[in-house]
Amino acid sequence: MTRLYLDFTQLCKTIALPVEESHYLTRVLRLKVGDIVNVYNEHAGEWSTVLSDVTKSSCVITIQRQMREPVVEPMTRLIYAPLKHDAMAFLFEKATELGVTHLQPMVTDFAQKYAVHADKVARQLKQASQQSERLSVPVLLPVMTFDAVVRGGCYAEGTYIALERADVASFAHMLADKDSSKPCTFIIGPEGGFSSREVELVKGIPGIVQVSLGRTVLRAETAAIVGMGAISMWRG
Ligand code: SAM
């Protein structure tokens with residue numbers, strides 16, 4: 001089933017698609033008048049539509065019926081230090097599949113210097129959302145420093161930081177008795193890990209729980225997937 005994340009409301013009868021989506025449907029997928037396309041967003045839910053008009057430069061879809069009601073998603077925020085290009089794309093795709101709602105890039109002492117290309121990231125997130133059958137696209141938040149993140153004071157509960165080689169409880173264990181409808185923030189470090197200064201800093205912040213992801217040292221993108229996988233199963 002072809003799915004498109006679109007800005008529309010339940011009141012729309014027909015929608016003239018933006019150029020990019022028109023091109024995708026008619027030139028890439030080679031859909032024709034009469035073909036079915038599902039459109040969705042977090043406010044309207046998912047709707048079945050039929051491709052009703054196709055010209056060289058645009059196409060129009062006609063709404064048929066609602067397939068899924070919108071759902072309320074509790075915030076699941078992944079705070080990460082930018083990684084190399086391929087690892088970053090992999091993390092975005094997998095975190096989206098696993099239900100992340102907010103992605104927060106963070107500058108740390110040992111992080112890669114890597115510019116955030118917001119437009120490109122938005123496309124990657126949208127594509128991953130469309131294929132994973134969720135009803136929303138994760139929000140990319142502005143970059144913050146590690147110190148601002150941990151001192152932010154907005155983490156009354158449900159904030160976890162992954163630390164390798166630390167004598168702390170496993171993330172899955174920590175989540176087990178918590179209310180799975182509550183917001184959750186998960187912080188991972190860069191390839192070089194957190195500096196000893198950062199680890200010491202976080203130890204003094206009571207609202208942030210240190211967790212283990214197992215006995216082996218994982219690459220940062222693997223750590224993100226393991227953590228997001230634990231949250232995804234906890235959410236159920
Ligand atoms: N460079 C570090 C080293 O070898 O000592 C390893 C850093 S690891 C590649 C990147 C991040 O993944 C860490 O900062 C941590 O947040 C997370 N991580 C990796 N393995 C982990 C584990 N077993 N438990 C908890 N966090 C882990």
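This is a predicted model: local features need pLDDT of at least 70, side-chain atom pairs count only at pLDDT 80 or more; totals for chains, interfaces and linings use all residues.
**Overall build**

I began with the whole chain. I counted 7 helices and 12 strands in the chain. Along the principal axes, I found that the C-alpha atoms fill a box of roughly 60 × 35 × 30 Å. I then looked up burial, and 31% of the 236 residues count as buried. For contacts with a separation of 6 or more, I noted that 75% are between residues 24 or more positions apart.

**Domains**

Next I looked up how the chain is divided. I have domain 1 at 3-68 and domain 2 at 76-235. I took the centres of the two domains over C-alpha atoms and got a separation of 33 Å. Where domain 1 and domain 2 make contact, I listed 8 residues from domain 1 and 6 residues from domain 2.

I went on to the side of domain 1 that touches domain 2. I asked which elements give two or more residues to this side. They are strand E1 (3-5) and strand E4 (45-54). E1 gives the most, with 3 residues. I also sorted this side of domain 1 by class, which gave 3 nonpolar, 1 polar and 4 charged residues.

**Ligand**

Last, I turned to the ligand. How many residues surround the ligand? I found 18, and I wrote down the closest as Ala162, Glu164, Gly189, Gly193 and Ala223. I divided the residues of the shell around the ligand by class and got 9 nonpolar, 6 polar and 3 charged.

Methods: Residues are numbered from 1 along each chain as its sequence is written. A residue is near a molecule or strand if its C-beta atom, placed from the backbone, lies within 6 Å of it. Ala, Val, Leu, Ile, Met, Phe, Trp, Tyr, Cys and Pro count as nonpolar, Asp, Glu, Lys and Arg as charged, and the others, Gly among them, as polar. Domain bounds come from an automatic or database domain assignment. Two residues are in contact if their C-beta atoms, placed from the backbone, lie within 7 Å. Helices (H or I, at least four residues) and strands (E, at least two) are DSSP runs, numbered from the N terminus. A residue is buried if 20 or more other C-beta atoms lie within 10 Å of its own, exposed if 12 or fewer, and partly exposed in between; C-beta atoms are placed from the backbone.
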